[in-house]
Amino acid sequence: MRVGGKHTARAAILLLLSAWLTGISCLYGQEGARPLNRILLIYDASNSMNARWQSASKMAISKRLISEIIDSLSTVPDVQLALRAYGHQSPYPPLDCGDSRLEVPFSSGNGKKIIQVIKGLTPKGATPIAYSLTEAAKDFPPCENCRNLIILVTDGIEECGGDACEASRILQRQGIALKPFIIGIGKDFSNEFQCVGEYFDASDERDFVRAFEIVISQALNNTTAQVNLLDADGSPTVTNLNMTFYDHVSGRVEYNYVHTLNYYGRPDTLTLDPLHVYDLVVHTLPPLRLDSVVVRTGRHNVIAMPAAQGDLQVSMKGSRAAQTENTPCVLRKSGSTEIVSVQYINTKNRYLTGMYDLDILTMPPVSLKGIRISPNKTTNVEMPMSGILVFRRNGAGYGTLYSLDSTGAQTLIHGFSEDKTSESLYLRPGTYRVVYRSRYNLRASATREKTFTLEPGATVDVNL
């Protein structure tokens, strides 16, 4: 195609928009309402745009090409446009670092107005890019179902000492706009703008049109991906897990998908917005996390994560099992204090393979170190059947229960109620001691104690 010919830029963008209209239903059709795509053009009208570039001035060429592109975009459904310009109000010198203004706000059918305003701009002043990005936060009215995009067209870098990188990060962190696109005219400013957004170098008119083609394609086209959850053999057979895609900068949830294998036994295809950099969390126990996931437009993206799993069964057999089934079992990664999961006796849970520590909160509790969860296997932890202690006393008093180890050392495990005259406790088999004194006998020598051994399934009656 001949760059500079009539409707060249417009024709290129129209081809992309046709592809977008064909594929957009795949991205949003199942969810219902499609989002409104709001594109804010931040246009450099500073003094340096008077310089010659190819066949005319930078301003003259960019005005013509951008006007063609705006004309193409203005009739596309679910797209609204707005125009902010800078460097066009105050002559340089002096340096006016507040010279930035929203010239045309967002609305439907405002393409002709934007073109008219662009044609009337006269390059005059400075290049306050950071200030323009900061002010752009006010240009997007509140909207519940909008994708807010910024395209910055400039022939220079920040002149007013502002931090354009931080201004861009704030826009993204606050969820006001996605990562900006920057089209640099006449010179490669990629080093200066790589922290601001996605930069495209337009060294000539052909590159300028091509840059806009890529930007519009990324802004409006969807892309596909699949998540391969790998088993112990490296095959993508793990499935039926919820996956959450977060925006990497703002931390907001963008998608929740329950992973599935399609009819061919392959991970199902997902449709994702390519403008986000994602943090992906797969909700295994413990969760799997992959940060800074980039999906590319125009290709099928494959995201792979090792996710081999096995089962842990904690059980108690016998007549006491029903009474202890609500006993929590706290699982941690070996050597860590962070809780992975709480499951209960006589349940089975699935975990990532690895080494774990397990605290079974019976009375007294049991701590098991170095439990191995192996892929596609069940690790069994079986508890002996509990026994019952029935503690009776004639009146109110002060009683405590201790467990005894093989050396006779005692460990406090329970304090009895001061007001009750009878209590029953489920205890693990073992040796115990009850120590008690009546509330009404004020002599320490009136303390009574009894040591007993509790067998699995047995009941011991202690009466003091």
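The model is predicted, so local features need pLDDT of at least 70, side-chain atom pairs count only at pLDDT 80 or more, and totals for chains, interfaces and linings use all residues. Residues are numbered from 1 along each chain as its sequence is written, and side-chain values use heavy atoms, with hydrogens and water left out.

The sheet, then. Six strands form an open, mixed sheet in the order β5-β4-β1-β6-β7-β8; strands are DSSP E runs of at least two residues, helices H or I runs of at least four, numbered from the N terminus. β5 and β8 (198-202) are the edges, each pairing on one side only, where pairing takes at least two DSSP bridges.

Next, helix α3, residues 111-120. G111, I114, I115 and I118 are buried there, meaning under 20% relative accessible area, against over 50% for exposed and partly exposed in between (1.4 Å probe, protein chains only). These residues cover an arc of only 100 degrees around the axis, which puts them on the same side of α3; the arc is taken from axis-to-C-beta directions. They pack against β1, α2, β4 and β5, contact being heavy atoms within 4.5 Å. The face turned away carries exposed K112, Q116 and G120.

Last, S168 in helix α5 (residues 164-173). S168 counts as buried because its relative accessibility is 0%. Leaving out residues up to four places away in sequence, S168 touches L133, P180 and V196.
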